[in-house]
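Let's walk through a few spots in this protein together. Take a look first, then follow the questions.

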Amino acid sequence: MNNTLHYKPLHLGRWLVWSSFALVLIMAPVIFHEGAALSLLSQMGTLMIFGLSFNMLLGQGGMLSFGHAVYSGLGAFFAIHAMNLAADGSLPIPVTLIPLVGGLAGMGFGILFGYVTTKKSGTTFSMITLGMVELVFACSLMFPKFFGGEGGISTNRVIGQAVMGISYGPQIQVYYLIAFWLFISAAAMFAFTQTPLGRMINAVRDNPERAEFVGYDTQWVRYLTLILSAFFAGISGGLSAINFEIVTAENVSAIRSGAVLLFTFIGGIGFFFGPLIGAVLGVFLTVMLSDFTKAWQLYLGIFFILIVMYAPGGIASILMLNVRLVKFSKFGRVWPALWKLLLSTLIALAGLIMSIEMLYQLSLESMQNPVITLLGFQVNSAAPASWGISLSCILVGAIGFILFKAPFQKISGEVNTEIEEAMRRAQA
């Protein structure tokens, strides 16, 4: 028997990343300490868990689901009912553990619905999940005693006496509760990617026929992954119930499922941290941007189209591509062509934004003052000169983009080829 002990070095990079993530979660409310900022941070945290749980299906398993909000929403309803029972003294459970109630509820419905939905894959799976979310949404209006009808179910998160000064009345206490569950959930979902089941769902995504050939039941692999994904989605629903103190039928709607799909794809489904980026951008585009412009939905659509066309790997793929350039000391060769392309894009976007805002002002506020404020400047949307400036910016930016796109693609291709050759030589 060989009793020799082998030293296995610590993965210092991974420890550094997770420590930095925890530090960011702790220090975020110190920097953004206003009430509105704390509310946005709390929404980002719950959406991050929701996005990571959805990416377990889409990014890791290749399962495009249009009904993931079912698990998050039903988890939120069970969590808010548990809070009301706790307030009545019928259920002795602290608010800190309420997200676990939502997670268990999401897992339960994952066991129930997932057994049906995961029998098929691909487009059929997507259509079944779409029908599932419409079914649950219809039930939310048919059973008002549980779902609360159109008004939903409300609660009060301050239950009983404060423990060590924690009552979850102040928003900062709710934020740190969300941050705690976010860190635990993110770590658990990352650990899942390192398990045999996590590796197997990747194999089922890439080549289901070969996975079946080596003896794995692909339906059961998808089914178990969906159950775990539903658990974490339920946790996000429970945290949402605590944060907003109300749950409505919108929580189980197809709109919410589409939103998490949109933001996860924007962040990058091919990377574990992609949904984290998507959650930040999602809250910015849907909450913050709507305070500045009525055309926020149009900007969201344009942004999504640009990501699909020019960065199908999401924002995370752009970041990782530049990190690789820096790592191999190649960024300096790309930058001279890159900054020209970025400048042309910014000029075109400035002209496009100016045109959109003026058009909205003329069409929606035609009876009011045609003057609007853009970045501190007064712009008359009825003046021909304003339209001339915006259209000129679009034209100049578009021409610059066309001219500088080819040189950038040429140098980028050469640099990436050199990097790949260097990586092959290092492996050899």
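Two strands count as paired if DSSP finds at least two bridges between them. Helices (H or I, at least four residues) and strands (E, at least two) are DSSP runs, numbered from the N terminus. This is a predicted model, where local features need pLDDT of at least 70, side-chain atom pairs count only at pLDDT 80 or more, and totals for chains, interfaces and linings use all residues. Residues are numbered from 1 along each chain as its sequence is written, and side-chain values use heavy atoms, with hydrogens and water left out.

Q: Which residue in the turn of the S3 and S4 hairpin has a positive phi?
A: Leu 374 has Phe 377 as its bridge partner in S4. Two residues sit between the strands of this hairpin, and the one with a positive phi, about 55°, is Leu 375.

Q: At roughly what angle do the axes of H12 and H14 cross?
A: Axes here are lines fitted to C-alpha atoms, for helices over the stretch in contact, with angles running from 0 to 180 degrees between N-to-C directions. H12 spans residues 274-288 and H14 spans 314-327. Their axes come within 8 Å, and they cross at roughly 120°.

Q: Which residues of H14 make the contact with H12?
A: Contact means heavy atoms within 4.5 Å. On the H12 side, Gly 274, Ile 277 and Leu 281 take part. Their counterparts on H14 are Ile 315, Ala 316 and Leu 319.

Q: Is Thr 293 buried or exposed?
A: Thr 293 sits in the loop between H12 and H13 (296-310), and it touches Tyr 299 and Glu 357, not counting residues up to four places away in sequence. Buried means under 20% relative accessible area, exposed over 50%, and partly exposed in between (1.4 Å probe, protein chains only). With a relative accessible area of 8%, Thr 293 is buried.

Q: How far is the side chain of Tyr 175 from the backbone oxygen of Leu 25?
A: Tyr 175 belongs to helix H7, residues 171-193, and is buried at a relative accessible area of 4%. Not counting residues up to four places away in sequence, Tyr 175 touches several residues, including Val 24, Leu 25 and Pro 29. Its side chain reaches the backbone oxygen of Leu 25 at 2.6 Å.

Key
Polar contact = N/O pair within 3.5 Å; in protein donor to acceptor, adjacent residues only side chain to side chain.
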